[in-house]
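Visitor: Could you walk me through this model, starting with a pocket and moving on to the elements around it?
Guide: Gladly, let's look at it together.

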Amino acid sequence: MAEEEVVSKTFRALVESADRKFARVRDFLSYGRAQGQHYFLKVFKAYMRLWKYQQEHRAELVKAGLNRWEIGEIAGRIGQLYFGQYMRTSEARFLIEAYVFYEAILRRRYFEECKTKDLGVRIKELRFYARFLLVSLILNRTEMVKVVFEKLKALVDDCKANFRETNFKEWKLVVQEIVRFTNVDTTFTIANARPFRYCATFDCHPNSVSYVARFHAKTVVKFRDAILMSYHRNEVKFAELTLDVYRMLQCLEWEPSGSFYQKHSGHPQENGVAVDYSGTSGVIDMNLAADMTDPTLPPNPRKAILYRPSVTHLIAVMATICEELPPESIMLVYLSASGKPGQINASPVENSVGSRRTTKSKLASHNSVEHNSFAPESHVNGKKGSNHFYDDYLWLGPKANGGSSNLYPGDIVPFTRRPLFLIIDSDSSHAFKAGLS
């Protein structure tokens, strides 16, 4: 009995220590090259130590009252850490490791076998399904997306029935988002659709770059960083990943390879095989990524994904990445947003209040004129001056937020001191064309 108490106390101490370290890195910025990498290593080590300890002392911990959902929560935290590293580095191995841990939680039913009526545990399970859905979407694991979605939907319905005093409106919205997303995305609507990622089956191999390089200047820049931003009303999205950014994200990556991607079933396969889900979790291989990625492929560029940022936040991110951009490297910036408020394609709901919308558009135009009065000199003798950089803009903000929500071509000019590849997905994209004079 004394030994079980010692093991339990040690386990709880390891959990508290790992959770404290996790809290430090959870809110770290997802962009920039110097964002406390040593802290992440400490957190990884803390959770790996915790994971190994619960494996080695599972029997004693179960006797001391350890719940299976607690094991699932630890595995989920490790999956979160791996996914966070993927978002910061764009390295496919981190995304794959996150998938491995999430899939293990699902197959071992750490949360499903929990019969508790504790609302807190149910919320943890809901969050697990939402995170697993996001990872599966990015990896294009369509069958797994369908399986996890059904479980999420069933759990939301169960929670609404058993916790009537709690409002699950936000989770109903999550279910609606994933339905809308999968109904539009071609990965789910077209059978055997061509992947957005660069794939050796369809695209040229990096070895062919040497033949293309001779057509360029002596200095060939390398694609290192990208900023993907979207700001629209009523856009198709899941969590903070919009459909347009989701597609761009995959277009800027190489398709991972290996035996992992030969498995297409999302359901646990147990026919003819005795699987013991109550034992230790030692079968979770934390080094599977070595068999899933091709070391001959170039690294994926780092990507900063911004969901509905303010103009000042977008410019701050661009400045940070531009400052840290390695020599002879290029930065890609993808901006998807509407143009002037008067040019926005309104939804049926917005058309029902057209008069108020028109008034707000006029106010916004008036604010825009006032803002432009502080810009450099305008047309002189019939020729465009530098003020043409402030004639049109992208609209990033609430409907009537004035010039502070306008992103002008002139705002991006300072970043052209470094190699820049700019993609404007907007009805005002013409304003950002280079060479205007």
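**A pocket and its surroundings**

Visitor: Which helices and strands each supply at least two residues of the lining of the second largest pocket?
Guide: Helices (H or I, at least four residues) and strands (E, at least two) are DSSP runs, numbered from the N terminus. On that basis, the elements that each supply at least two lining residues of the second largest pocket are α1 (2–26), α4 (68–89), α6, α8 (169–184) and β4 (302–307). This is a predicted model, in which local features need pLDDT of at least 70 and side-chain atom pairs count only at pLDDT 80 or more, while totals for chains, interfaces and linings use all residues. Residues are numbered from 1 along each chain as its sequence is written, and side-chain values use heavy atoms, with hydrogens and water left out.

Visitor: Which element gives the most to the lining of the second largest pocket?
Guide: A pocket here is an open set of points on a 1 Å grid over the protein atoms alone, where a 1.4 Å probe fits, with protein on both sides within 12 Å along at least five of seven lines; lining residues have an atom within 4 Å of a point. The second largest pocket is lined by 39 residues, and Phe 83, Met 87, Leu 134, Ala 239 and Glu 240 lie nearest its centre. With 7 residues, the element that gives the most is α4.

Visitor: How many residues of that lining are charged?
Guide: Ala, Val, Leu, Ile, Met, Phe, Trp, Tyr, Cys and Pro count as nonpolar, Asp, Glu, Lys and Arg as charged, and the others, Gly among them, as polar. The lining of the second largest pocket divides into 25 nonpolar and 5 polar residues, and the charged ones number 9.

Visitor: Where is Ala 239 found?
Guide: Most residues other than glycine have a negative phi. Ala 239 has a positive phi near 60°. Its relative accessible area is 35%, so it is partly exposed (buried means under 20% relative accessible area, exposed over 50%, partly exposed in between, with a 1.4 Å probe and protein chains only). Ala 239 is found in the loop between β2 (237–238) and β3 (241–242).

Visitor: How many of the residues of α6 are buried?
Guide: Helix α6 covers residues 119–138 and reaches 29 Å from its first C-alpha to its last, close to the expected 28 Å (1.5 Å times one less than its number of residues). The helix is mostly covered, and of its 20 residues the buried ones number 15.

Visitor: Where does Arg 109 lie?
Guide: Arg 109 is not a glycine, yet its phi is positive, about 55°. With a relative accessible area of 27%, Arg 109 is partly exposed. Arg 109 lies in the loop between α5 (92–108) and α6.

Visitor: How many bridges join β1 to β5?
Guide: Strand β1 (residues 222–231) is mostly covered, with 7 of its 10 residues buried. Two strands pair if DSSP finds at least two bridges between them. β1 runs parallel to β4, joined by 6 bridges, and Ala 226 has Lys 303 as its bridge partner in β4. β1 also runs parallel to β5 (residues 329–337), and the bridges joining them number 9.
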